[in-house]
Amino acid sequence: LLVSKDLGKHLLEVEDLLQKHGLLEADISAQTERVQALNAAALKFSELEGYQPCDPQIICNRVNHVQTCLEELGELAGKRRKELEDSRQLWAFFQEMEEAEAWIREKEQILAAKTCGRDLSSVLTLTNKHKSMLGELGSRRALLHQSMKRGEQILAKKRFSPGGIQEKMREVRLRWKKLEEVTGLHQQRLQEALNFFQFSAETDDLVAWLQDTYRIVSSDDFGHDDYSTQALLRKHRAVVEEVEKHRAAVLALRKQLALLAPEHRQGVDVQIRVVEVEQLYGEVAEVAVLRQQWLQDALAVYRMFSEVHACEVWVDEKEQWLERMEVPEELDEVEVVQHRFESLDQEMNSVMGRILDVNQVVQQLVDGGHPSSEEVRSCQDHLNSRWNRVVELVEQKKSQLSSVLKIQNYLLEC
């Protein structure tokens with residue numbers, strides 16, 4: 001049993017042989033105690049004085065022979081245990097290599113069947129799964145390194161033919177290297193897909209923002225008075241600032257597109273999408289400028305109407321006063337009225353400046369093609385007509401006052 005050359009053909013068989021060998025070692029241990037007891041009893045016969053049933057030398061020789069056989073048996077048992085343990089280490093190594101190959105095959109099949117997703121959500125899910133797989137790969141790499149180290153130790157002992165061990169180690173190393181290459185390639189493809197779908201999502205968000213902004217800047221609400229128009233203008237200026245802030249994002253689209261993988265950036269759809277975004281941004285920026293001008297024009301119109309109203313209130317008041325006023329014939333009363341006309345001249349100079357400002361604003365609006373040009377022009381004409389009427393009345397009353405003064409002066413001279 002101890003000189004058997006059967007060291008097992010796989011790990012389970014070696015484990016079985018080791019178990020049987022353990023029983024044999026236990027039996028040898030039990031027989032060792034028996035042999036030692038028998039040898040001790042036999043040696044007593046070699047020490048007898050007088051009658052000796054057997055030659056003491058024969059007894060000693062026999063005891064030594066049995067002890068030597070027992071020691072040889074122990075050495076054989078130790079040697080076989082060492083051989084069986086070396087065999088177990090060898091077959092454990094091969095089993096670890098087989099398990100590593102099976103794991104590699106499983107991951108190769110998974111990677112071969114994996115896609116890169118159809119949208120950003122699926123790509124993120126696959127990326128997280130791939131990170132988990134990279135963690136498994138790291139753990140398995142450490143285990144494989146330990147197995148390879150044990151294989152090197154087995155080769156160093158030179159107890160077994162190195163051919164099968166070296167071939168298996170070389171084969172597993174090659175398959176592992178290929179697995180890491182495939183894993184790296186899949187990770188790269190996932191990253192490229194992630195970059196593409198992130199680019200698409202950011203582009204979609206930008207388009208949605210531009211479309212909403214276009215609806216805002218193309219509104220036909222320009223307010224209904226000075227206050228509401230000023231409020232709209234303030235809001236619009238904030239929108240214009242946001243439009244300007246998004247200019248960099250639109251300009252960066254082509255740079256981002258150039259960084260995508262060829263299979264993504266060369267697609268006709270994505271290139272058309274970028275052009276559409278650029279065109280839409282140009283339209284938004286253009287309409288925003290127009291709306292700002294329209295709001296400013298509307299504000300100018302409402303302020304002009306307000307100014308016209310204020311002027312017309314003054315004109316109404318003075319027109320009614322002039323029409324009701326009768327030129328006095330007494331000199332004292334004439335001088336009082338004359339003083340009032342001097343104050344009126346100062347007021348008229350002030351109002352005249354305001355009316356000139358109104359005329360200038362109207363001209364600018366008309367020249368700019370304002371949609372309310374006819375209404376503005378009509379308002380201007382009406383104000384100017386009223387103003388001219390007041391001027392005529394003033395001149396008429398002044399002329400009458402001048403005539404009265406001449407008469408009064410003539411009478412005084414007489």
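Hi everyone, let's start with a definition: two rings of Phe, Tyr or Trp (its six-membered ring) count as a pair if their centres lie within 6.5 Å, and the pair is stacked with planes under 30 degrees apart, edge-to-face over 60, and tilted for the rest. A search of the whole structure turns up six aromatic pairs.

A quick word on the source. This is a predicted model, where local features need pLDDT of at least 70 and side-chain atom pairs count only at pLDDT 80 or more, while totals for chains, interfaces and linings use all residues. Residues are numbered from 1 along each chain as its sequence is written, and side-chain values use heavy atoms, with hydrogens and water left out.

Back to the rings. One of the pairs is phenylalanine 196 with phenylalanine 197, edge-to-face, 5.2 Å centre to centre and with 65 degrees between the planes. Both of these residues are buried, where buried means under 20% relative accessible area, exposed over 50%, and partly exposed in between (1.4 Å probe, protein chains only).

Now, why is the pair of phenylalanine 222 and tryptophan 294 edge-to-face? Because their planes stand at 85 degrees, with the ring centres 6.0 Å apart. This pair joins distant parts of the chain, 72 residues apart: phenylalanine 222 sits in the loop between α4 (162-217) and α5 (226-245), and tryptophan 294 in helix α9 (residues 268-324). Helices here are DSSP runs (H or I, at least four residues), numbered from the N terminus. Phenylalanine 222 is partly exposed at 23% relative accessible area, and tryptophan 294 is partly exposed too, at 38%.

Elsewhere, ring pairs connect Trp91, Phe93 and Phe94 into a cluster.

Let's move on to pockets. On a 1 Å grid over the protein atoms alone, a pocket is an open set of points where a 1.4 Å probe fits, with protein on both sides within 12 Å along at least five of seven lines; lining residues have an atom within 4 Å of a point. Volume is the space filled by probe spheres set on the points, which are joined across faces, edges and corners.

The largest pocket has a volume of about 260 Å³. It has 15 lining residues, and the closest to its centre are Gln296, Leu299, Ala300, Val361 and Gln364. Helix α9 gives the most to that lining, with seven residues.

The second largest pocket holds about 180 Å³.

Note on methods. Helix = DSSP H or I, 4+ residues; strand = E, 2+ residues; numbered from the N terminus.
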